[in-house]
Amino acid sequence: MAHALAAAAQAAGAGEVPVGAVVMRRGEVVAVAANAPRALCDPTAHAEILAIRAAAAALGQDRLDDCDLWVTLEPCAMCAGAIAHARIARLYYAASDPKGGAVEHGPRFFTQPTCHHRPDIYGGIAERESADLLRTFFAGRR
């Protein structure tokens, strides 16, 4: 999670919502990404999507079934869909997102009968650190 938190801090420094994501395989970092929708002029450029794309390219495969995803904020519905399509084995996330999250909030994507892959899910890892980054970022915007 330390790599994801560092990426989130980098995103905040660039004026992006501070979310970072890391794809790992067998304990090795495969890809690290930070939120970049504004920088890339791409509403799909969430940290999770960018990390999954980079990992798939690095590994030369579209299915990441032997990989774990670490992210600093509960994934939204779009990212949860990408996680399912990539067949991520395990999802670790820090802070919950009652407004935009889709794992334990909102649509609870992975519990839906139409979801074709469900990763093992572990939430609340480094939650305080991630929440502090988010609070500080948004307080500076108000």
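## A first look at the chain

Buried residues account for 47% of the 142 residues in the chain. Keep in mind that this is a predicted model.

Let's start with the layout. The chain has five helices and five strands, and reading along the sequence gives the pattern α-β-β-α-α-β-α-β-β-α. How does the overall size fit the chain length? A compact globule of 142 residues would have a radius of gyration near 14 Å, and the chain agrees because its own value is 14 Å. Contacts reach along the sequence too: taking those between residues at least 6 apart, 58% join residues at least 24 apart.

Here are some whole-chain values:

| Feature | Value |
|---|---|
| Span of the C-alpha trace along its principal axes | about 40 × 30 × 30 Å |
| Distance between the mean positions of the 14 positive and 15 negative charges | 3 Å |

Now for the inside. In soluble globular proteins, nonpolar side chains tend to be buried together. Here, the largest nonpolar core has 34 residues, and L64, L69, I83, I88, L91 and F110 touch the most other members. At least two residues of this core come from each of β1 (20–25), β2 (28–34), α3 (47–59), β3 (67–73), α4 (77–86) and β4 (90–95). Which of the elements gives the most to this core? That's α3, with seven residues. Another core lies apart from this one, with eight residues, among them M1, A4, M24 and Y92.

Back to L64: leaving out residues up to four places away in sequence, L64 touches I52, A55, A56, L59, A86, R87, I88 and A89.

Definitions and conventions. Residues are numbered from 1 along each chain as its sequence is written. This is a predicted model: local features need pLDDT of at least 70, side-chain atom pairs count only at pLDDT 80 or more; totals for chains, interfaces and linings use all residues. Side-chain values use heavy atoms; hydrogens and water are left out. Helices (H or I, at least four residues) and strands (E, at least two) are DSSP runs, numbered from the N terminus. The radius of gyration is taken over C-alpha atoms; the globule rule is 2.2 Å times the number of residues to the power 0.38. Buried means under 20% relative accessible area, exposed over 50%, partly exposed in between (1.4 Å probe, protein chains only). Contact means heavy atoms within 4.5 Å. Lys and Arg count as positive and Asp and Glu as negative; His and the chain ends are not counted. The place of a charge is taken as NZ of Lys, CZ of Arg, CG of Asp or CD of Glu. A nonpolar core is a set of buried Ala, Val, Leu, Ile, Met, Phe, Trp, Tyr and Cys residues joined through side-chain atoms within 4.5 Å.
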